[in-house]
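Please read the sequence and the model together.

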Amino acid sequence: MRSILIAVAWASVVIGCVGIVVPLLPTTPFLLVSAAIFARTSPRFETWLLSHPTFGEPIAAWRQRGAIPTKAKVLAVTSMLLSFSILLWLTQPRPALAAIIALAMMACALFVVTRPSD
């Protein structure tokens, strides 16, 4: 089971890294999942991830204070607005569906902006 969890954690790291360059694919949630799994399965890999020059600080800030950097907040909310705009423009969903999607995105945006900042 440990090997499977480590494989899942590494897959999550890979997906998170792909998210750096692929629009709308998130990076941070996948890296947080990786850190959580590594904390339970591999102290060596957890240390590697937490000491990584790019990923380590945001993961540590989330673990310690539930903090999200201001830049990441702005990027996340802007991406949600852009995604919703593209959805409306390309698919023209029924008003009820558009409202449900808007409410879900607003709930996510509210969660993001109410977290502490670094």
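In this predicted model, five aromatic pairs are present. One of them joins Trp-10 and Phe-45: the ring centres lie 5.1 Å apart and the planes stand at 80°, which is over 60°, so the pair is edge-to-face. This pair connects distant parts of the chain, since Trp-10 sits in helix α1 and Phe-45 in helix α3 (residues 43-50), 35 residues apart. A pair of aromatic rings is described by the distance of the centres and the angle of the planes.

How buried or exposed are the two partners? Phe-45 has a relative accessible area of 18% and is buried, whereas Trp-10, at 29% relative accessibility, is partly exposed. The cut-off for burial is 20%, so Phe-45 falls under it.

Ile-6 belongs to α1 and is buried, with a relative accessible area of 13%. Leaving aside residues up to four places away in sequence, Ile-6 touches Phe-38, Thr-41, Ser-42 and Phe-45. Ile-6 and Phe-45 are 39 residues apart along the chain, and their C-alpha atoms are separated by 9.0 Å.

The overall layout can now be set out. The chain contains six helices and zero strands, and in sequence order the pattern is α-α-α-α-α-α. Along its principal axes the C-alpha trace spans about 50 × 30 × 25 Å. Of the 118 residues in the chain, 28% are buried. Among contacts with a separation of 6 or more, 58% are between residues 24 or more positions apart.

Next come the helix pairs. Two packed helices are described by the angle between their axes and the distance between the axes. For helix α1 (residues 2-21) and helix α2 (residues 28-41), the axes come within 8 Å and cross at roughly 155°. That angle is over 145°, and α1 and α2 are therefore roughly antiparallel to each other. The crossing of α1 past α2 is left-handed. From α1, the contact draws on Arg-2, Leu-5, Ile-6, Val-8, Ala-9, Trp-10, Ser-12, Val-13, Ile-15 and Gly-16, and from α2 on Phe-30, Leu-31, Val-33, Ser-34, Ile-37, Phe-38 and Thr-41. By class, the residues of this contact are 12 nonpolar, four polar and one charged. Both Ile-6 and Trp-10 are among the α1 residues here, and Phe-38 is among those of α2.

What is the angle between α3 and helix α4 (residues 56-65)? Their axes cross at roughly 105° and come within 7 Å. An angle from 65 to 115° counts as roughly perpendicular, and α3 and α4 are therefore placed in that class. Glu-46, Leu-49 and Leu-50 of α3 meet Gly-56, Ile-59, Ala-60 and Arg-63 of α4. The contact of α3 with α4 divides into four nonpolar, one polar and two charged residues.

The remaining helices are α5 (70-91) and α6 (95-114). They pack at an angle of about 175°, with their axes 9 Å apart, and are therefore roughly antiparallel to each other. On the α5 side the contact involves Lys-73, Ala-76, Val-77, Met-80, Ser-83, Phe-84, Leu-87 and Leu-88, and on the α6 side Ala-98, Ile-101, Ala-102, Met-105, Cys-108, Ala-109, Val-112 and Val-113. This contact of α5 with α6 has 14 nonpolar, one polar and one charged residues.

Ser-83 lies in helix α5 and is a member of that contact. Its relative accessible area is 19%, so Ser-83 counts as buried under the 20% cut-off. Not counting residues up to four places away in sequence, Ser-83 touches Leu-24 and Met-105. Between Ser-83 and Met-105 there are 22 residues of separation in sequence and 9.6 Å in space, C-alpha to C-alpha.

The last stop is the loop between α5 and α6, where Gln-92 is placed. Most residues other than glycine have a negative phi. Gln-92 has a positive phi, near 45°. Is this residue buried or exposed? Gln-92 is exposed, with a relative accessible area of 65%.

Technical notes:
Residues are numbered from 1 along each chain as its sequence is written. This is a predicted model: local features need pLDDT of at least 70, side-chain atom pairs count only at pLDDT 80 or more; totals for chains, interfaces and linings use all residues. Side-chain values use heavy atoms; hydrogens and water are left out. Axes are lines fitted to C-alpha atoms, for helices over the stretch in contact, and angles run from 0 to 180 degrees between N-to-C directions. Helices (H or I, at least four residues) and strands (E, at least two) are DSSP runs, numbered from the N terminus. Angles under 35 degrees count as roughly parallel, over 145 as roughly antiparallel, 65 to 115 as roughly perpendicular and the rest as oblique. A crossing is left-handed if the near helix is turned anticlockwise from the far one by less than a right angle, and right-handed if clockwise. Contact means heavy atoms within 4.5 Å. Ala, Val, Leu, Ile, Met, Phe, Trp, Tyr, Cys and Pro count as nonpolar, Asp, Glu, Lys and Arg as charged, and the others, Gly among them, as polar. Buried means under 20% relative accessible area, exposed over 50%, partly exposed in between (1.4 Å probe, protein chains only). Rings of Phe, Tyr and Trp (its six-membered ring) pair if their centres lie within 6.5 Å; planes under 30 degrees apart count as stacked, over 60 as edge-to-face and the rest as tilted.
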